[in-house]
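Here are some notes from a first look through the model. Have it open while you read, and check each point against it.

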Amino acid sequence: MAYSLKKLISSFLLVLYSTTIIVASSESRCRRFKSIISFGDSIADTGNYLHLSDVNHLPQTAFFPYGESFFHPPSGRASDGRLIIDFIAKFLGLPYVPPYFGSQNVSFEQGINFAVYGATALDRAYFVAKGIEYDFTNVSLSVQLDIFKQILPNLCASSSRDCREMLGDSLILMGEIGGNDFFYPSFEGKSIDETKLQDLIIKAISSAIVDLIALGAKTFLVPGGFPAGCSAACLTQYQNAAEEYYDPFTGCIPRLNELGERDNEQLKTELKRLQKLYPDVNIIYADYHNSSYRFYQEPAKYGFKNRPLAACCGVGGRYNFTIGKECGSEGVSYCQNPSEYVNWDGYHLTEAAYQQMAEGILNGPYAIPAFDWSCLGSGSVDKEYSFSS
């Protein structure tokens with residue numbers, strides 16, 4: 001009898017302990033985000049590159065028809081309207097994340113965005129040493145992170161909350177970044193060791209995550225790359241390739257997509273390694289590849305026209321894209337209904353595509369592991385409203 005009682009108590013304690021572990025784990029995964037902090041390139045840039053540019057040499061994103069579907073006038077976003085980061089903010093009930101450059105009195109309450117159009121994961125010096133002189137920004141991932149570290153004391157000084165607590169309550173959007181590291185050498189016709197380059201890119205992203213964890217960050221959303229083989233810019237570059245070079249079903253270039261998927265798998269492996277090292281931190285992989293590739297496979301299913309590869313805004317050729325005559329340039333036309341198109345300007349997607357991608361990431365199935373919204377309650381996030389226009 002005494003043995004049975006002891007066994008019963010032990011079993012009860014074991015169940016209680018297990019339940020406590022599960023609850024603690026759930027609480028660490030489910031957070032009420034109070035702001036978004038973003039790093040990356042044009043996929044998340046909400047106006048930084050525009051503010052960094054010479055007023056006499058403004059980027060194309062400063063001109064119509066950029067922003068024509070939502071912001072009126074252009075906001076510096078590389079789309080006809082909102083980006084994935086904007087839909088994430090809307091979903092969470094947060095304000096659109098302002099660009100750090102050109103903004104005044106930035107704070108955790110507003111969120112902060114350091115992503116810059118054309119940014120690379122690796123520093124500019126790496127490319128210059130290899131004879132690659134691209135024309136875009138030198139605000140690489142490490143530069144963005146350094147700026148954030150420099151202003152962090154001032155951000156925290158204006159609040160009664162602890163700095164680590166404020167950072168822990170933020171969703172860190174780490175990218176997408178790394179695509180430009182491949183594009184610049186490719187467009188200049190330079191030969192590179194793709195495997196070595198990808199290793200360096202992943203190391204740069206991983207290092208940035210570790211630095212932010214040390215500062216108190218608790219939740220990261222880390223996107224992989226897009227299917228480059230479906231980009232109008234890449235398709236135009238390879239337009240003279242043999243017919244068998246293309247996927248007969250989608251029209252995309254399988255080789256480029258397979259290389260991208262290989263790189264994404266390496267990134268996921270590194271994120272899993274970091275997750276084991278930091279079990280109290282939630283590191284979520286955002287599958288940008290598959291969440292957008294479905295549009296090219298079944299465009300009509302998602303409300304798009306049957307020419308998902310052609311740019312909405314552009315001119316010339318099979319894909320309505322010509323280098324040097326891109327969207328925003330004088331004389332370049334755009335489609336009347338951007339919401340029917342996947343591709344916006346040859347490099348970036350439309351607001352309609354980004355909206356469906358954001359929904360697939362936040363509600364599944366394109367986030368690994370999936371977001372846990374259970375702690376938010378039914379009134380905290382209105383999912384239907386959050387994704388409406």
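This is a predicted model: local features need pLDDT of at least 70, side-chain atom pairs count only at pLDDT 80 or more; totals for chains, interfaces and linings use all residues.

Which residues in H3 meet which residues in H12?

1. On the H3 side, the contact is made by Ile84, Phe87, Ile88 and Phe91. Across from them, H12 brings in Glu351, Tyr354, Gln355, Met357, Ala358 and Leu362. Sorted by type, the residues of this H3 and H12 contact come out as eight nonpolar, one polar and one charged.

2. Now the geometry of that pair. H3 covers residues 84-91 and H12 covers residues 351-362; their axes come within 8 Å and cross at roughly 50 degrees. That angle is why I'd call H3 oblique to H12. As for handedness, H3 passes H12 in a right-handed crossing.

3. On to the sheet. There are six strands in an open sheet, ordered S2-S1-S3-S4-S5-S6, and the pairing is mixed. The edges belong to strand S2 (112-113) and strand S6 (367-368). Each of these has a single partner strand, so one side of each is left without a neighbour in the sheet.

4. What holds S6 to the sheet? Strand S5 (residues 282-286) runs antiparallel to S6, and two bridges join them. If you want one to click on, Ala286 has Ala367 in S6 as its bridge partner. Helix H10 (residues 254-277) packs on the sheet, where it touches strand S4 (219-223) as well as S5. The direction of H10 makes about 170 degrees with that of S5.

5. While you are on H10, have a look at Asn264, which lies in that helix. Is Asn264 buried or exposed? Its relative accessible area is 5%, and the cut-off for buried is under 20%, so Asn264 counts as buried. Leaving aside residues up to four places away in sequence, Asn264 touches Gly224, Gly225, Tyr285 and His289.

6. H10 turns up again around helix H7 (residues 179-187). The buried residues of H7 are Gly179, Asn180, Asp181, Phe182, Tyr184 and Pro185. What covers them includes helix H4 (124-129), helix H8 (194-215) and H10.

Key. Residues are numbered from 1 along each chain as its sequence is written. Side-chain values use heavy atoms; hydrogens and water are left out. Axes are lines fitted to C-alpha atoms, for helices over the stretch in contact, and angles run from 0 to 180 degrees between N-to-C directions. Helices (H or I, at least four residues) and strands (E, at least two) are DSSP runs, numbered from the N terminus. Angles under 35 degrees count as roughly parallel, over 145 as roughly antiparallel, 65 to 115 as roughly perpendicular and the rest as oblique. A crossing is left-handed if the near helix is turned anticlockwise from the far one by less than a right angle, and right-handed if clockwise. Contact means heavy atoms within 4.5 Å. Ala, Val, Leu, Ile, Met, Phe, Trp, Tyr, Cys and Pro count as nonpolar, Asp, Glu, Lys and Arg as charged, and the others, Gly among them, as polar. Two strands pair if DSSP finds at least two bridges between them. Buried means under 20% relative accessible area, exposed over 50%, partly exposed in between (1.4 Å probe, protein chains only).
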